[in-house]
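Please load the model in your viewer and keep the sequence panel open beside it. The stops below are meant to be selected one after another.

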Amino acid sequence: MPQRSLKAGVPLASVALLLGVLVVQMFPELPRGLVLWLAVTGLGAGATACWLSRRARSLGWILLGVAWAMWRGAAAMDARLPHALEGEVLLVTGQLLDLPDPRADGTRFAFRVDSARLDGRQVAWHGRARLAWYDPSRVLRPCERWQLRVRLKRPRGMVDPGGADTERTALERRIDAVGYVREGSDNRRLGASPCVDRLRQHLAASIDARMADPHDAALLRALAVGDTRGLDPDDWAVARATGVSHLLAISGFHVGVAAAFGAGLVWPFYALFPGLGLRCPRSRAQAAAALVAALAYGLLAGMGLPTLRTLLMIAVAVVARSRRRHLDGRHALAMALLVMLLVDPLSVLAAGFWLSFVGVAFLMLCLGVQGRSWRTFVRELARGQWVMSVALLPLTLWFFGQASLVGALSNLIAVPMVSLLMVPATLLAVLALLLCPPLAAPMLALAAATGHALWWLLARMASWPGAAWYLPAVTPWALGLALLGAIWMLAPRGTPCRWLGGLLFLPLLLPARPPIPAGGFRAWVFDVGQGLSVLVRTHRHAMLYDAGARYPSGFDVGAATVVPSLRALGVRRLDLLMISHGDNDHAGGAGAVLEAFPVPRRLAGEPARMPMPMAPCAAGQSWHWDGVTFRVLNPHGRPSHDNDRSCVLLVEGGGDRLLLTGDITRRVEGDVAAGVSPGRPVVMTVPHHGSETSSGAAFIAALHPALAVVSAGWHNRFGHPRPAVVARYRAAGVPLLNTAGDGALRLDFPADAPVRAWPGERLRQGRYWRER
């Protein structure tokens with residue numbers, strides 16, 4: 001292909017292919033029976049259009065993108081654990097992948113299942129599983145082969161406004177099952193084989209052994225081998241607040257530094273032996289050495305998306321140089337995008353894909369280094385941070401719901417310190433650890449001292465008022481306008497009224513939900529797995545009833561689900577936090593909620609079991625907000641059973657009513673029902689997630705709710721809601737909704753109309769990777 005045709009065709013082809021791939025990601029489901037036929041037809045039609053007609057090439061690439069993404073998406077979904085094997089105990093053999101993550105309660109690790117047996121017979125499934133082995137004494141190493149007895153299920157996550165989409169992440173990372181190892185004599189190590197991950201673990205252990213400060217060691221391990229296991233949630237909070245998360249692991253820029261390092265190693269040989277230039281031009285040798293060094297560093301990094309994007313760009317540049325063709329950075333980026341989509345179209349599901357390609361595209365569009373003075377370098381570095389801050393602001397708000405207001409300043413300081421001091425020092429230390437370990441100490445000391453000083457500064461910047469900026473969930477149209485505004489603002493000089501581009505960012509500030517009129521209220525029953533958390537909002541007030549669980553593994557539903565959901569819904573403050581009782585599935589996430597929203601008023605059914613000061617709630621308490629009355633109906637006195645001490649709250653506006661029941665049992669259901677006056681319909685949460693100890697027939701008959709909502713985990717070990725309980729509600733003609741199948745549920749209680757139950761978030765945000 002002529003060079004002019006290549007330059008014109010590759011960017012257009014890459015954008016068209018991307019558009020086709022994106023179309024498929026909007027599908028609520030894939031046409032399974034027709035996928036193969038449609039994919040083959042689409043691939044054939046797209047290839048024919050690209051080959052025969054220059055005018056139809058864009059359409060051809062779009063068709064190729066649609067067909068290719070459908071094929072790969074269907075194949076990835078079909079690779080998941082069969083439904084029939086969910087919950088079964090399987091005997092599997094396979095190999096550990098990546099670096100195992102040891103914790104206080106056990107080890108998490110990725111495992112490639114090569115074969116599986118059920119009750120002694122072979123089953124036709126193999127794939128990648130994410131496992132937990134709850135044995136802290138067990139030491140696992142990369143690339144070991146094991147026979148394990150496991151219980152697995154298909155990847156499934158909680159679906160909430162603003163929450164992380166773990167099912168999308170599982171698809172993008174090709175995780176086909178999740179589960180845990182069951183103890184037994186069948187679990188045994190079968191052997192091991194050499195691999196890059198064993199080298200990564202060896203280097204990580206060598207760095208640990210030479211560092212006195214564990215935090216310094218964690219930072220250097222992240223830069224050296226992409227090992228972020230030593231970074232705790234507080235470290236990530238500081239990184240997000242200052243906008244330097246991309247520097248805590250091996251980024252594309254760091255791979256570029258490694259490539260420059262590899263190219264620099266070639267120069268002395270040509271200086272000492274000039275005759276080498278007659279056999280191989282120095283530029284070609286440096287390009288090849290840069291690619292080898294970048295590839296080696298990328299393998300140590302675990303080949304993340306930014307790393308792979310940089311490697312592809314370097315590879316394109318090396319091929320162009322070897323063929324004596326000039327290919328500028330923009331066309332190299334387009335070629336890297338094209339190859340990435342052809343290799344893995346599902347990479348578009350990762351936030352890193354967009355942050356990486358969009359960020360580099362804006363830098364190439366807006367920056368052009370002129371001259372080589374240090375003043376020029378500083379000026380271009382400052383401009384680069386400004387460009388990245390503006391260009392990526394809409395995307396960071398879209399993916400993470402937050403942005404850093406100090407990100408430009410913190411990156412202006414952190415980027416040169418990390419990329420020009422820490423990364424080269426760490427690279428030299430890694431090389432020394434491989435060739436002559438005693439020489440690594442000074443380089444590690446330099447990198448650690450730099451990192452320690454930098455982190456001290458970042459921690460203080462993260463505490464500045466407004467460092468982290470949270471906005472309600474971004475709508476697609478607001479995202480599109482903001483990206484157009486960024487292009488307009490960062491357009492070349494001479495573009496008229498560039499400042500007007502800033503106005504296109506204003507829709508990001510618009511509330512995500514319509515206002516609530518006085519006398520009415522809105523409730524969100526969040527999807528928190530096996531637990532409960534309900535947000536109740538009036539015209540000017542908001543309260544949270546329960547906060548989900550916090551597990552021994554350290555996973556905090558309050559921090560991971562409840563707090564992001566509150567922020568996505570535009571909640572800026574909570575006027576009341578009510579924890580029904582002290583069980584973990586209701587109270588575990590309260591600490592994370594209080595850290596994010598310092599609530600002035602707190603009530604709990606069992607304040608003595610709470611780790612923070614809370615006032616007791618008791619029957620008879622009441623208050624009024626914006627024409628809405630809140631009345632506590634339980635506990636009465638001192639019930640003997642913990643669950644019966646649950647705060648029960650009745651919310652009454654001008655229309656239907658809401659009853660939040662906690663985990664009460666039949667022993668107190670009669671007292672609660674007596675406190676609900678007859679008349680207007682009642683919507684209620686099903687007590688104790690649908691346990692057989694609750695929801696007596698008399699209780700249901702007394703309330704005769706218009707709607708009942710179960711908050712339970714998918715395939716939870718308690719079997720909630722129990723079939724007998726479901727049958728009692730159905731016999732009474734009460735509709736049941738369940739967060740396990742529907743995701744988070746929004747209930748609107750107008751002042752002058754019946755309650756409106758919106759479709760659950762799992763249905764409203766339907767995508768083919770979200771199973772129902």
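Predicted model: local features only at pLDDT ≥ 70, side-chain atom pairs only at ≥ 80, totals over all residues.

Residues are numbered from 1 along each chain as its sequence is written, and side-chain values use heavy atoms, with hydrogens and water left out.

**Stop 1**

Strands (E, at least two residues) and helices (H or I, at least four residues) are DSSP runs numbered from the N terminus, and two strands pair if DSSP finds at least two bridges between them.

Asn634 has Val648 in strand 18 as its bridge partner. The peptide bond from Asn634 to Pro635 is cis, with omega near 10 degrees, and Pro635 lies in the loop between strand 17 and strand 18.

Go back to the loop between strand 16 and strand 17 and select Asp626. Its phi is near 50 degrees, a positive value in a residue other than glycine. Asp626 is buried, at 18% relative accessible area; buried means under 20%, exposed over 50%, and partly exposed in between (1.4 Å probe, protein chains only).

Next, select the loop between strand 21 (707-710) and helix 23 (723-731), where Pro721 is found. His720 and Pro721 are joined by a cis peptide bond with omega about -5 degrees. His715 lies in the loop between strand 21 and helix 23 as well. Phi of His715 is near 50 degrees, again positive in a residue other than glycine, and the residue is exposed, with a relative accessible area of 56%. Most residues other than glycine have a negative phi, and most peptide bonds are trans.

**Stop 2**

The order to trace here is 15-14-13-12-11-10-23-24, an open sheet of eight strands with mixed pairing. Strand 15 (615-616) and strand 24 (756-757) are at the edges with a single partner strand each, so one side of each is left without a neighbour in the sheet. Strand 14 (residues 602-604) and strand 15 run parallel and are joined by two bridges. Within that pair, select Leu603 and its bridge partner in strand 15, Ala615.

**Stop 1: strand 5 and its partners**

Strand 5 pairs with strand 1 (residues 89-103) in the antiparallel sense over seven bridges, with Leu90 opposite Val150 in strand 5. Four bridges join strand 5 to strand 6 (residues 177-181), also antiparallel; there Arg151 stands opposite Tyr180. Strand 7 (residues 188-192) is another antiparallel partner of strand 5, over four bridges, and Arg189 in strand 7 is the bridge partner of Trp146.

**Stop 2: aromatic pairs**

Which arrangement do the rings of Trp133 and Trp146 have? Their centres are 5.4 Å apart and their planes stand at 85 degrees, so the pair is edge-to-face. Rings of Phe, Tyr and Trp (its six-membered ring) pair if their centres lie within 6.5 Å; planes under 30 degrees apart count as stacked, over 60 as edge-to-face and the rest as tilted. Trp133 is in strand 4 (residues 127-133) and Trp146 in strand 5 (residues 144-153), 13 residues apart. Trp133 is buried at 1% relative accessible area, and Trp146 is buried at 5%.

Move to Tyr768 and Trp769, an edge-to-face pair at 5.1 Å centre to centre and 75 degrees between the planes. Both residues are buried. Then select Phe353, Trp354 and Phe357, which ring pairs link into a cluster. The structure holds 12 aromatic pairs.

**Stop 3: an exposed helix end residue**Asp78 is found in helix 3 (residues 57-78) and counts as exposed at 53% relative accessibility. Its C-alpha atom is separated by 9.0 Å from that of Asp176, 98 residues apart along the chain.

**Stop 4: a nonpolar patch**

Finish by selecting Leu199, Leu431, Leu434 and Leu435, which make a nonpolar surface patch of about 360 Å². Patches are made of residues with over 30% relative accessible area and no salt bridge, with like charges joined within 9 Å and nonpolar side chains (Val, Leu, Ile, Met, Phe, Trp, Tyr) within 5 Å. A salt bridge is a side-chain nitrogen of Lys or Arg within 4 Å of a carboxyl oxygen of Asp or Glu. Accessible areas come from the Shrake-Rupley method with a 1.4 Å probe, and for residues only the protein chains shown count as cover. Helix 15 (residues 407-435) gives the most to the patch, with three residues. Leu435 is in helix 15 and counts as exposed at 68% relative accessibility.
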